[in-house]
Amino acid sequence: MSILPDAEKIAELLARYDRPGPRYTSYPTAVEFDDSFGPEAYEERLATARQSRDPLSLYFHLPFCSHRCAFCGCHVIITTKHDVATDYLGVLHQEVDLVADRLGERTSVRQYHWGGGTPTFLNVEEMEALHEKVLSRFTIEKDAEVAIEVDPRVTSDPQLELLKRLGFNRISMGVQDFTPEVQDAITRWQTEEQTVRMIEKCRSLGLDSLNIDLIYGLPKQTPDAFVKNLDRVISLRPNRVAVYSYAHVPWMKANQRKTVEAMLPKADVKLRLFAETRARFVDAGYEPIGMDHFALPDDELAVAARNGVLHRNFMGYTTRPAPDMIGFGVSAIGDVANAYVQNEKVIPAYRRKVQEGVPPTLRGVGLSDEDRIRREIIMSIMCNWRVDKAGLEKRWGFDFAEKFGPELEELREEERRGFVQQDDAEIRVVDTGRIFVRNIAMIFDERLRRMEREGPVFSRTV
């Protein structure tokens with residue numbers, strides 16, 4: 001049940017909507033972070049956060065990979081020397097103590113995530129030691145989301161057995177694409193058998209909450225071959241699937257420069273890839289979540305989306321939001337006391353600050369009330385396809401129509417297209433508008449208008 005319009009309208013839609021835009025894992029976005037926001041500013045935010053008794057979210061960035069994939073846009077460190085990771089973990093343990101000391105008795109954790117890189121680059125002993133370090137300073141709630149990203153090519157059975165014993169309850173694994181020609185183009189070789197074997201092992205251990213990542217728009221992808229990937233994944237019946245648009249940003253990521261533009265699917269093909277993805281998963285019983293996720297109806301992500309209470313942060317869509325998220329490790333980003341803060345991106349600088357006894361902060365940005373209002377609107381659109389105008393007016397004390405007159409005027413064009421419905425109480429993104437949800441959210445991004453005059457910063461929305 002595709003929601004893509006007739007072929008003759010595709011060119012018109014692409015001309016209007018295919019332009020650079022944020023994915024909105026935050027607002028303001030990371031390109032707005034400023035290096036004038038340093039360790040002292042973060043210390044002040046941690047002091048404010050210390051006064052709360054609300055639970056926390058914790059993110060740990062484990063950046064190591066033994067090989068760099070050509071499509072990757074993450075902050076990774078490529079090495080085959082394990083002692084580099086061993087040294088890093090020593091500093092990471094120190095950072096846990098440094099931040100926990102500043103948070104005092106605020107120790108309860110609702111969401112806990114290891115990302116990368118490849119977290120299972122670490123050996124079993126190192127993984128257990130890191131988790132035990134966290135437990136020595138924080139208390140993970142009984143019903144917390146405890147998640148990790150794994151690579152089926154390198155993750156071992158003993159590692160999975162350890163994760164089960166430690167209480168991890170959500171496993172996310174990258175697939176991207178099973179097609180050999182695509183794997184050659186992105187320099188990531190992973191057989192379907194490796195993925196199936198890992199899923200079977202996880203389920204045998206009771207690690208039943210599984211997510212698979214796919215990417216559309218990769219070099220050498222074709223609609224026919226990608227549909228075969230979709231059918232293979234559907235047959236595995238993961239609880240959730242994330243189908244990301246390939247973000248081609250070679251001006252930011254040197255490893256992407258080996259991908260020649262001619263290798264990439266054209267915009268109209270890429271749009272059809274996503275429309276086919278949506279149709280296949282919906283027909284298979286999955287519910288579309290936000291802009292690029294699908295979940296089985298009984299999965300808590302689907303339940304939260306149906307109830308309009310889904311949230312989004314740097315770890316992705318979540319049903320267990322916390323007012324403060326602490327990022328640990330090199331390049332990690334946190335969201336603390338109405339400020340985004342990012343750690344140093346290179347290990348020597350990260351190590352130096354931690355060993356000096358100060359937070360390893362590289363940059364950040366404090367949010368004004370205006371930022372917070374617009375963040376709430378943008379995240380509501382990205383997560384729940386709606387904006388509660390009446391609720392915003394009550395909480396913030398303004399008249400929505402008066403404050404957002406230009407934005408509402410721009411939305412009227414989307415309303416005429418049938419992409420948006422609105423009344424005095426709320427705005428709703430509907431039908432084909434959900435394919436272009438990033439573009440609709442961008443209407444409320446006042447910072448983006450300035451950046452657009454300065455050249456490309458973001459990947460294209462299609």
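Which residue in β8 is the bridge partner of I215? The bridge partner of I215 in β8 is Y244. This is a predicted model, in which local features need pLDDT of at least 70, side-chain atom pairs count only at pLDDT 80 or more, and totals for chains, interfaces and linings use all residues. Residues are numbered from 1 along each chain as its sequence is written, and side-chain values use heavy atoms, with hydrogens and water left out.

- Strands here are DSSP runs of E with at least two residues, and helices are runs of H or I with at least four, numbered from the N terminus.
- Strand β6 (residues 170–176) runs parallel to β7 and is joined to it by 5 bridges; two strands pair if DSSP finds at least two bridges between them.
- Within that pairing, S172 has N211 of β7 as its bridge partner.
- Strand β8 (residues 240–245) also pairs with β7 in the parallel sense, over 6 bridges.
- A right-handed β-α-β unit is made by β7, helix α8 (residues 223–236) and β8; right-handed means that, with the strands pointing away from the viewer, the path from the first strand over the helix to the second runs clockwise.

**The sheet of β17, β18 and β19**

- An open sheet of 3 strands has the order β17-β19-β18, with antiparallel pairing.
- β17 (386–388) and β18 (420–422) are the edge strands, each with a single partner strand, so one side of each has no neighbour in the sheet.
- β17 is joined to strand β19 (residues 426–429) by 3 bridges, and R386 stands opposite R428 in β19.

**Second largest cavity**

- The structure holds 2 cavities of 30 Å³ or more, a cavity being a set of points on a 1 Å grid over the protein atoms alone where a 1.4 Å probe fits but cannot get out.
- The second largest cavity has a volume of about 50 Å³.
- Its lining residues (those with an atom within 4 Å of a point) include F274, R278, M291, H293, W385 and R434.
- α9 (267–283) and β10 (293–295) each supply at least two residues of this lining.

**Residue E44**

- E44 lies in helix α2 (residues 39–50) and is exposed, with a relative accessible area of 56% (exposed means over 50%).
- E44 and V336 are 292 residues apart in sequence and 10.0 Å apart in space, C-alpha to C-alpha.

Terms used
1 Å grid on protein atoms, 1.4 Å probe; cavity = no way out; pocket = protein on both sides within 12 Å on 5 of 7 lines; lining within 4 Å. Points joined across faces, edges and corners; volume = space filled by probe spheres on them. Buried < 20%, exposed > 50% of the residue type's maximum accessible area, 1.4 Å probe, protein only.
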